[in-house]
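Let us read a protein model together. Look at the structure first, then follow the questions.

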Amino acid sequence: MNFFEQQARAKRNSGRLVLLMGLAVCSLIAITTLAAMFLLPFVTETSDVLMDGGAMARLDLSQVAGIALVVCAVVLLGGLYKSLQLRQGGSAVAELLGGRLINLDPQSADEKKILNVVEEMAIASGTPVPPVYVLEDEAINAFAAGLTPRNAVIGVTRGCIQQLSRDELQGVVAHEFSHIFHGDMRLNTRLVALLHGILLIGLIGELLLRGSSQLGTATRSSKKGDGGALAILAFGGVLMLIGYAGTFFGNLIKAAVSRQREFLADASAVQFTRNPLGIGGALKKIGGHAQGSQVQASHAAEFSHMFFGQGISTAFGSLMATHPPLDERIRRVEPGWDGAFVVTAGEDSQPQAREPRAADEALNRLAGAVVALDAASRPEAGDALQIVDEAIGAIGEPDLRHLAYARRTLGELDAQLNEAAHSPYAARALMFGLLLSADATVRATQLAVLQDREAATCPSLIGLQDKLLSLQPRFRLPLIELALPTLKQLSKTQAAQFKDSLVALIRADQQVSLREWAFYRILRHNLEAPVQAASQQELQHLPKQVALLLSMLAYAGHNNDQQAYDAFLSARAQLPFAALLLVDAAELTIESLDTAMTTLAQLNPLHKPRLLKALARCIEHDGQINVDEAELFRAVADALDCPMPPLLLSVEHPTTHFQTEPMQAS
């Protein structure tokens, strides 16, 4: 299951689905127009004229076109309204379902447990930590929603976090992360918008039926009025029939698409955790739970295809089911299953304590055997390329080593810094603190800048300063990832001020290091609303942007221009550009790199691996990978919406330290 192929397939499926639904809409428009052509004369003519067929004869092409345009506009405006409603991403879905955000204030041990599982999965996979919402529902269910990994959220029901063990929660969350990786969320959101537009025809039909009964009463003495009311009544009935029939077939398509994606997500969860008993156990508990996975939220039917389990009951059984049968899903992950479901504890019961599983013990042992690339670590000669290639191969498909690293990282992270990442003021202070210079003079200038711009965060920053200055580099990216859900709660004004303050802090010493740019790029990319691409770009059409990006990485890890040039040539050999030239370091400004990355983010998914492999050749050209190169590489992957897991090293690797030349501030 290749990440980039799955992304491309999701886009193709999305396009085909839009085409299929478009054809369905065209059919509905044609049927509605024919109905209007027949019924309109009853509204505009007397019965005598109708008997002569005069009105039908006078119904010209312009009237037909007008009716078709009105119906088309209703469907498009209905879909557009729903698209705009969901534009902010997964949080809109979670709020419509009645979810409560817990990242900032988990209120129980269960909420802390699910938050820890989600954070562990996100760090292991290189995905931005998503906001986590809890639905006060006793069913065992969960969902992932959003348009991109940047605005994705994870939602879980109260029954899910109370009834499932940590291993089982891990399996469920891994399943939902698969939907994030493979582009399912955008497809699911488009389905909601399209179906809403079709449903609107039926809703208008209902309104016409109600209105026509009142019109008939008011005009009962008029023969013409009786005909008009009857025609409106008939037209309303036709619209309602057409709208709900269209919705039925749309839901049929939605269910068929969703069922196949669920099998893929189950398989991905097992691949991620290497523990089929986790997701298998969750499915067995759904089968043994009194409420199963049936969610009671008012909008559950609208978003039923986004859930982990069948979220609503259907009148047509498996035909309209958005999920495969439980027993089939379980047997695919546990072929030896005996067919017995697990009866869960009652609502007022406390979950039973359990002994550590063998999978837990193996994961904990593995956590001590791997570390992420650190400023004080480097691979042995010849291993650098393998390490980066493995990271590229693990995009969208992390494994147990990455999960072990994430568990170790969260376990070793300073408790005060971890807590700060979950507090609105302290999270901003934490991000500012990660940019503080080791040079006391520069740091004093930076603190003065912050005192003028962000006085409210300064007390928190002072309290964190010493720990941040001595922080091991391997904790920098995890801290940024942990703080993202908190920073996403900033208002537009607060977010704009925060980004401006970051830039001012970076430029306090009149230069911008590549590490600072990587840090800023990750924050900006994840805090800004995704831009909908007008079209998918092809790599060979973007030589200028690729040259800027390659040049940046070439300068990042090499001590002189000749070494940088050699690294650039090594990378260029992997690309379809024969005449690509190394860009002068003075041209590598924040603005030029941001513009280049914004364009490159629109690459066709199948073109992204080639670019990433070229970047890998650049950073490993000298047989070494330093921490700034690693952070830059992951920042670029993040900007391309390619979730790259941590670059892993064995603890036996020798150590050394590298410096990075600064980039000019513009």
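The dialogue below goes from the whole chain to single residues.

Q: What kind of model is this, and how many helices and strands does the chain have?
A: The model is predicted. The chain has 27 helices and eight strands.

Q: How many of the residues count as buried?
A: Of 666 residues, 55% count as buried. The chain still exposes about 27400 Å². Carbon and sulfur atoms supply 56% of that area.

Q: How do I describe two packed helices?
A: Give the angle between their axes and the distance between the axes. Now take H23, residues 543–556, and H25, residues 590–600. Their axes come within 9 Å and cross at roughly 120 degrees. Angles from 65 to 115 degrees would count as roughly perpendicular, and those over 145 as roughly antiparallel. H23 and H25 are therefore oblique to each other. Their crossing is left-handed.

Q: Which residues make the contact?
A: H23 brings Gln545, Val546, Leu548, Leu549 and Met552. H25 brings Ser592, Leu593, Ala596, Met597, Thr599 and Leu600. Eight of these contact residues are nonpolar, three are polar and none is charged.

Q: Where do Arg274 and Asp641 lie?
A: Arg274 lies in the loop between helix H10 (223–273) and helix H11 (276–288). Asp641 is in the loop between helix H27 (627–639) and strand S7 (648–650).

Conventions
Residues are numbered from 1 along each chain as its sequence is written. This is a predicted model: local features need pLDDT of at least 70, side-chain atom pairs count only at pLDDT 80 or more; totals for chains, interfaces and linings use all residues. Side-chain values use heavy atoms; hydrogens and water are left out. Axes are lines fitted to C-alpha atoms, for helices over the stretch in contact, and angles run from 0 to 180 degrees between N-to-C directions. Helices (H or I, at least four residues) and strands (E, at least two) are DSSP runs, numbered from the N terminus. Angles under 35 degrees count as roughly parallel, over 145 as roughly antiparallel, 65 to 115 as roughly perpendicular and the rest as oblique. A crossing is left-handed if the near helix is turned anticlockwise from the far one by less than a right angle, and right-handed if clockwise. Contact means heavy atoms within 4.5 Å. Ala, Val, Leu, Ile, Met, Phe, Trp, Tyr, Cys and Pro count as nonpolar, Asp, Glu, Lys and Arg as charged, and the others, Gly among them, as polar. Buried means under 20% relative accessible area, exposed over 50%, partly exposed in between (1.4 Å probe, protein chains only). Accessible areas come from the Shrake-Rupley method with a 1.4 Å probe; for residues, only the protein chains shown count as cover.
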